[in-house]
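Biologist: I have not seen this one before. Could you walk me through it, a bit at a time?

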Amino acid sequence: MDYFRKATNTSPTVMMDSKTKSVLISGSSLCRDVTIYASVINDMIEQFEQFDYKDLNIKLNVFNTIAAKSLIDLLKSFKFKSKAPSIHWYFDKKDREMQEMANDYSELLEMEFELSDN
C-alpha cells in the first residue's frame, strides 16, 4: 500500500496501491476543515504523478460541499493527462442523488465515468 488514510467519523478511507494500480475513496466525507481535504487531495495528486494508477474507485455514501470541491479538484487534475485513470463511481441503487451527482460531475468535467449501483 503506497498511501492509506483510515476513515474517521467525518472523512473517508483513502487507499492507493501501486501494485494493483488502483485507488479507493470510500465512506462518508463530511469534514468541515478545508485544509484537511487540501492536504489529502495534494497527497493523492502527488501519488498519481509518481505511479501509473489505472483505476479510481469512488464509493462515497455521502459528502458535503467542501468534499465535493476537493473531489472536483482531484478529477480535474486527470483531465489533460495522457494516462488518466478509469473512474468508477459506485452508489446505492436507492440513492438517486448520488447517481445524479456522478452524472453531473462526468458532464461538467467532460470525463467518462463508469457508474455502478450496488
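Modeller: Let us begin with Glu-110, which counts as exposed at 67% relative accessibility. Buried means under 20% relative accessible area, exposed means over 50%, and partly exposed is in between, with a 1.4 Å probe and protein chains only. This is a predicted model, where local features need pLDDT of at least 70 and side-chain atom pairs count only at pLDDT 80 or more, while totals for chains, interfaces and linings use all residues. Residues are numbered from 1 along each chain as its sequence is written, and side-chain values use heavy atoms, with hydrogens and water left out.

Biologist: Where is Glu-110, and what is its phi?

Modeller: Glu-110 is in the loop between H3 and S6. Its phi is positive, about 55°, although Glu-110 is not a glycine. Most residues other than glycine have a negative phi. The H and S labels are DSSP runs, numbered from the N terminus: helices are H or I with at least four residues, strands are E with at least two.

Biologist: What about Lys-21, where does that sit?

Modeller: Lys-21 is in the loop between strand S2 (13-17) and S3. S2 and S3 form a hairpin with four residues between them, and Lys-21 in the turn has a positive phi of about 60°. Lys-21 is not a glycine either.

Biologist: Is Lys-21 buried, exposed or partly exposed?

Modeller: Lys-21 is partly exposed, with a relative accessible area of 29%. Ser-18 also belongs to the loop between S2 and S3, but Ser-18 counts as buried at 16% relative accessibility.

Biologist: What does Ser-18 touch?

Modeller: Leaving aside neighbours within four places in sequence, Ser-18 is in contact with Asp-2, Phe-51 and Tyr-53. Contact means heavy atoms within 4.5 Å. Asp-2 and Tyr-53 turn up again with Gln-47, which touches Asp-2, Tyr-3, Met-16 and Tyr-53, not counting residues up to four places away in sequence. Gln-47 lies in helix H1 and counts as buried, at 13% relative accessibility.

Biologist: Now the sheet. What order do the strands have?

Modeller: It is an open sheet of six strands in the order S1-S2-S3-S4-S5-S6, with mixed pairing. Strand S1 (3-5) and S6 stand at the edges with a single partner strand each, so one side of each has no neighbour in the sheet. Neighbouring strands are turned by 15° against each other on average, direction ignored. Two strands pair if DSSP finds at least two bridges between them.

Biologist: Which pairs are parallel or antiparallel, and over how many bridges?

Modeller: S2 and S3 are antiparallel over five bridges, and there Thr-13 has Ser-26 in S3 as its bridge partner. S3 and S4 run parallel, joined by eight bridges, with Leu-24 opposite Asn-57 in S4. S4 and S5 run parallel with four bridges, and Leu-56 stands opposite Ile-87 in S5. S5 and S6 are parallel too, with five bridges, one of them pairing Tyr-90 with Ser-116 in S6.

Biologist: And H2, which strands does it lie across?

Modeller: H2 lies across S3, S4, S5 and S6, at about 170° to S4. Axes are lines fitted to C-alpha atoms, for helices over the stretch in contact, and angles run from 0 to 180 degrees between N-to-C directions.

Biologist: How far apart are the ends of H2?

Modeller: The end C-alpha atoms of H2 (residues 65-76) are 16 Å apart, which agrees with the 16 Å that twelve residues should span. The expected span is 1.5 Å times one less than the number of residues. At the start of H2, a side-chain oxygen of Asn-64 comes to within 3.3 Å of the backbone nitrogen of Ile-66.

Biologist: Which residues of H2 are buried, and what covers them?

Modeller: The buried ones are Ala-67, Ala-68, Ser-70, Leu-71, Ile-72, Leu-74 and Leu-75. Their cover includes strand S3 (22-29), helix H1 (34-50), strand S4 (55-63), strand S5 (86-91), helix H3 (96-109) and strand S6 (113-117).

Biologist: Last topic: how many residues are in the largest nonpolar core?

Modeller: It has 33 residues, and those with the most contacts inside it are Met-44, Leu-56, Leu-74, Leu-75, Trp-89 and Tyr-105. S2, S3, H1, S4, H2, S5 and H3 each supply at least two residues of this core. A nonpolar core is a set of buried Ala, Val, Leu, Ile, Met, Phe, Trp, Tyr and Cys residues joined through side-chain atoms within 4.5 Å.

Biologist: What is Tyr-105 in contact with?

Modeller: Apart from neighbours within four places in sequence, Tyr-105 is in contact with Phe-63, Ala-68, Leu-71, Ile-72, Leu-75, Trp-89, Glu-110 and Phe-113.

How values were computed:
Polar contact = N/O pair within 3.5 Å; in protein donor to acceptor, adjacent residues only side chain to side chain.
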